[in-house]
Amino acid sequence: MPRSLLQRLMPCAATASALLVGACLSSTAPTPSTAQGTSGLMEFRWDNNDGYKKLYYYQTSAIQDDRADWYLTLREKDRKTAMLKLTVTVPDFFDAKLKPERMSLCRTSRGSMMSRSKCLEEIPATIEVNEDQTAIEVFPDQPVPMEGDYSLRIKLFNPKGKRMYQLNALIQAPGDVPMSGYVGSWLIDMD
């Protein structure tokens, strides 16, 4: 083949191969997110006031009606006292079934980019869900110390619909006054 013909065909072959590679890459559909943790740098809330405090969470799946483990985490830096009782308020439009036998309180290693959140040790506790499924009450057998990260692990089928749920954490500290105080909220978004 003469050199001039080869020089004319080379740009055409490069363009054709680039178009073919581009067509192959654009035909692959993006995969849906299967797990989600606390949102990144920006978070949108309708009523953002000074009393709101964002808490860390992790869920193994964010797809509606999919089986998932939710880790509602209370880090050491989020708590100022030991914990005698934990109350989690749940919105009334939360349509997943909450079962106390599928929940546990555990000492947690918080996940990162290279590792998952997981329970290191289960803490013996009594867990109750009220009749209308709007509150989860956790009564540890012994007060949970201030040191370490602890999570309420919930195994459930994710709620239906693409919604956002705000679950609030209230802690009762040991002492003379049996009163629960607000610690923070988990703002969970379903895909």
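Ser-104 is buried, because its relative accessible area is 10% and the cut-off for buried is under 20%. The model is predicted. Ser-104 sits in strand β5, which spans residues 103–109. Its contacts include Glu-122 and Ile-127. Ser-104 also touches Ser-151, Leu-152 and Arg-153. That list leaves out residues up to four places away in sequence.

**Strand β5 and its partners**

β5 is mostly covered. Of its seven residues, five are buried. Which strands does β5 pair with? One partner is β9, residues 150–157. Five bridges hold that pairing, and the two strands run antiparallel. Here Met-103 stands opposite Ile-154 of β9. Another partner is β6, residues 118–123. β5 and β6 also run antiparallel, joined by five bridges. In this pairing, Thr-108 has Cys-119 of β6 as its bridge partner.

**Strand β8 and its partners**

Now turn to β8. This strand covers residues 135–140 and pairs with β4, residues 85–89. Four bridges link β4 and β8, which run antiparallel. Within this pairing, Thr-87 faces Glu-137 of β8. β8 also pairs with β7, residues 125–129. Those two strands run antiparallel as well, with five bridges between them. Val-129 has Ile-136 of β8 as its bridge partner.

The pairings described above come together in this table.

| Strand pair | Bridges | Direction |
|---|---|---|
| β5 and β9 | five bridges | antiparallel |
| β5 and β6 | five bridges | antiparallel |
| β4 and β8 | four bridges | antiparallel |
| β7 and β8 | five bridges | antiparallel |

**Two residues with positive phi**

β7 and β8 form a hairpin, with five residues between the strands. Gln-133 lies in the loop that links them. Its phi is near 60 degrees, a positive value in a residue other than glycine. Why point this out? Most residues other than glycine have a negative phi.

Asp-65 also has a positive phi, about 60 degrees, and is not a glycine. Where does Asp-65 lie? Asp-65 is in the loop between β2 (57–59) and β3 (67–74).

Asp-65 is partly exposed, because its relative accessible area is 42%, which falls between the 20% and 50% cut-offs.

Conventions:
Residues are numbered from 1 along each chain as its sequence is written. This is a predicted model: local features need pLDDT of at least 70, side-chain atom pairs count only at pLDDT 80 or more; totals for chains, interfaces and linings use all residues. Side-chain values use heavy atoms; hydrogens and water are left out. Two strands pair if DSSP finds at least two bridges between them. Buried means under 20% relative accessible area, exposed over 50%, partly exposed in between (1.4 Å probe, protein chains only). Contact means heavy atoms within 4.5 Å.
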